[in-house]
Amino acid sequence: MSAGVWGLRPIVSSGVRLACLDKDGTLVPDLPYNVDPARMELVPGAEIALPLLRRAGYRIVVVSNQPGVALGRFPESALAAVARRLDELCTGIGVRLAGFYYCPHAPRSDGSSCACRKPEPGLITRALAEHGARADRSWVVGDILDDVHARADRIEHLLRFGRAAEAAQRHVQPVGG
Ligand SMILES: [Mg+2]
Ligand SMILES: [Zn+2]
């Protein structure tokens, strides 16, 4: 018989885990179409929640609908300064952002959608793929139902913080697990 097989145990990596945070109303106060970095600040409690997520082993990425691009409210290039400001704010509380994913499209009049505007899951599936992250160990965090409905397949954990919003309390609990 071959030796050495029975004593082996599979090497199981816990895998990369993401916390996919909505931006407006979740990470920063919701100022519609604001791209002025000087008007961006973290919501109260973020200085507690984000370091806890990091210490728990989550990479933190932002997933954000930015229809202001398609609506002509600001150029897409303005989002670079927004991303830098987010990173600066998070660095200030000891957390580095691992990514800023946004949808630049607007809602369509016929009700159809691009693949990335939440509640479509495109931003989240892209973030998971780029980080090699496990969906079943990752979280989506948002302040409205479109955020939590945008969870990619098998993201089972939903959480909400930020301003009180339409998300029902039942969505604070993990589902499907
Ligand atoms: Mg929001
Ligand atoms: Zn889109």
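Guide: Helices (H or I, at least four residues) and strands (E, at least two) are DSSP runs, numbered from the N terminus. By that rule, the protein chain has 4 helices and 5 strands, in the order β-α-β-α-β-α-β-α-β from the N terminus on. What you see is a predicted model, where local features need pLDDT of at least 70, side-chain atom pairs count only at pLDDT 80 or more, and totals for chains, interfaces and linings use all residues. Residues are numbered from 1 along each chain as its sequence is written, while chains are lettered from A and ligands numbered from 1 in the order in which they are written.

Visitor: What makes strand E2 "mostly covered"?
Guide: A residue is buried if 20 or more other C-beta atoms lie within 10 Å of its own, exposed if 12 or fewer, and partly exposed in between, with C-beta atoms placed from the backbone. In E2 (residues 58-65), 7 of the 8 residues are buried. For the protein chain as a whole, 36% of the 177 residues count as buried.

Visitor: How do you know that strand E1 and E2 are joined?
Guide: Two strands pair if DSSP finds at least two bridges between them. E1 (residues 17-21) and E2 have 5 bridges and run parallel, so they pass that test. One of the facing pairs is Ala19 opposite Ile60.

Visitor: Why is the crossover from E1 to E2 called right-handed?
Guide: The name applies if, with the strands pointing away from you, the path from the first strand over the helix to the second runs clockwise. Here the chain goes from E1 through helix H1 (residues 46-55) to E2, and this β-α-β crossover is right-handed.

Visitor: What does E2 pair with in the parallel sense over 6 bridges?
Guide: That's strand E3 (residues 97-103). Val62 has Phe100 as its bridge partner there, and Ile60 stands opposite Leu97. The chain gets from E2 to E3 by way of helix H2 (residues 78-91), in another β-α-β crossover that is right-handed.

Visitor: What makes a nonpolar core, and which residues touch the most other members?
Guide: A nonpolar core is a set of buried Ala, Val, Leu, Ile, Met, Phe, Trp, Tyr and Cys residues joined through C-beta atoms within 7 Å. The largest one has 36 residues, and Leu18, Ala19, Cys20, Ile60, Val61 and Ala127 touch the most other members. E1, H1, E2, H2, E3, helix H3 (122-131) and strand E4 (139-141) each give two or more residues to this core, with E2 giving the largest share, 5 residues.

Visitor: What is Cys20 in contact with?
Guide: Two residues are in contact if their C-beta atoms, placed from the backbone, lie within 7 Å. Leaving aside neighbours within four places in sequence, the contacts of Cys20 include Val61, Ala127 and Trp139.

Visitor: How do you know that the buried residues of H3 line one face of the helix?
Guide: Leu123, Ile124, Ala127 and Leu128 are buried in H3. Seen down the axis, these buried residues fall within an arc of 130°, so they line one face; the arc is that of the directions from the helix axis to the C-beta atoms. They pack against E1, E2, E3 and E4.

Visitor: Why is Arg55 called exposed?
Guide: Arg55, in helix H1, has 10 other C-beta atoms within 10 Å, so it is exposed. Tyr33, in the loop between E1 and H1, has 14 such neighbours and therefore counts as partly exposed.
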